[in-house]
Amino acid sequence: MSANEEAMNQAVDRLRRAERVAVTTGAGISAESGVPTFRGPQGLWEGQPVEKVATPSAFRKDPGLVWRFYNARRAQLKQVEPNPGHLALVELERMLGKDRFTLITQNVDGLHRRAGSERVVELHGNLAWVRCTSCSYLADRGGETLDDLPQCPRCTHLLRPHIVWFHEMLPPDQWMAAESAVHECNVLLVVGTSAVVYPAAGLIEVARQRRAAIIEVNLTSTVASDLADIALHGKSGEILPRLVARYKAG
Ligand code: OAD
């Protein structure tokens, strides 16, 4: 039996024995849909210094530049679809039931919900949503093309993307939901993340402390690999459907 086959058997076994499962996903799960990841040679942050487009100070300095960056990403979302990795997680949620499953994503592309996942915690916001920099306006404007300096329809102040930028806090309700799911899970699946951005990456350490089994699905080893009990190397769009099919076969 190959090392990967052995790891797959162990992963299926741990999943079958789990009462509760949490999954944390990063940009890698959407890579096969055509959404660029952040790090690596073709990564978004390679051509675009983070501090120029993804910080509150960048937005204060040049909101038009920041909006052009996010509007390009919003436009790109209209051309992508969920892939078999997203769909496998929908099936896993349906088999386990919502009380036993939580999907925690760092992604802002909304593809998990579009695929059909229901219990989704979005740690870093969502590209489709915008909010006002002055009043409490918050809305899904994903279907629209926005100006490079879009105005609030209520108070005319500048809108901003509903995205968590560097140096900003995560939405407290989403963070609490993520932490409590990881506290309670017996298995944490860590899919397509380089696991270098905190606090999201810290969830893997929480799972470790709680003695949950950690199963990593990634093209390569990452800084989280040392914490993982099982590593499944390859594309999540291929590995997750295999894992879920094996789990389903009972
Ligand atoms: P990264 O770009 O840092 O990492 C993507 C990971 O996905 C890498 O470990 C790749 O090896 C892996 N990967 C790529 N293609 C894959 C595939 N087909 N199957 C499986 N794995 C694959 O993205 P994130 O870890 O999501 O935050 O980055 C975390 C945060 O950093 C993002 O949410 C974003 C960014 O700055 C904010 O914007 C706040």
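Arg141 and Glu144 meet side chain to side chain in a salt bridge, 2.8 Å from N to O; that term covers a Lys or Arg side-chain nitrogen within 4 Å of an Asp or Glu carboxyl oxygen. Arg141 is buried at 16% relative accessible area, while Glu144 is partly exposed at 35%. (Buried is under 20%, exposed over 50%, partly exposed in between, using a 1.4 Å probe and protein chains only.)

A quick note on the model: it's predicted, with local features needing pLDDT of at least 70 and side-chain atom pairs pLDDT 80 or more, while totals for chains, interfaces and linings use all residues. Numbering starts from 1 along each chain as its sequence is written, and side-chain values use heavy atoms, without hydrogens and water.

The salt bridge count comes to eleven. Here are some of them:

| Pair | N to O distance |
|---|---|
| Arg141 and Glu144 | 2.8 Å |
| Arg114 and Glu81 | 3.5 Å |
| Asp229 and Arg208 | 3.5 Å |

Arg114 is partly exposed at 43% relative accessibility, whereas Glu81 is exposed at 52%. Over in the other pair, Asp229 is partly exposed at 35%, and Arg208 is too, at 33%. There's also a salt bridge network linking Glu5, Arg242 and Arg246.

Now the sheet. Three strands make an open sheet in the order S5-S4-S6, paired antiparallel. Strands here are DSSP E runs of at least two residues, numbered from the N terminus, and two of them pair if DSSP finds at least two bridges between them. S5 (138-140) and S6 (159-163) sit at the edges with a single partner strand each, so one side of each has no neighbour in the sheet. S4 (residues 125-132) and S6 are joined by four bridges, and Val130 has Pro161 in S6 as its bridge partner.
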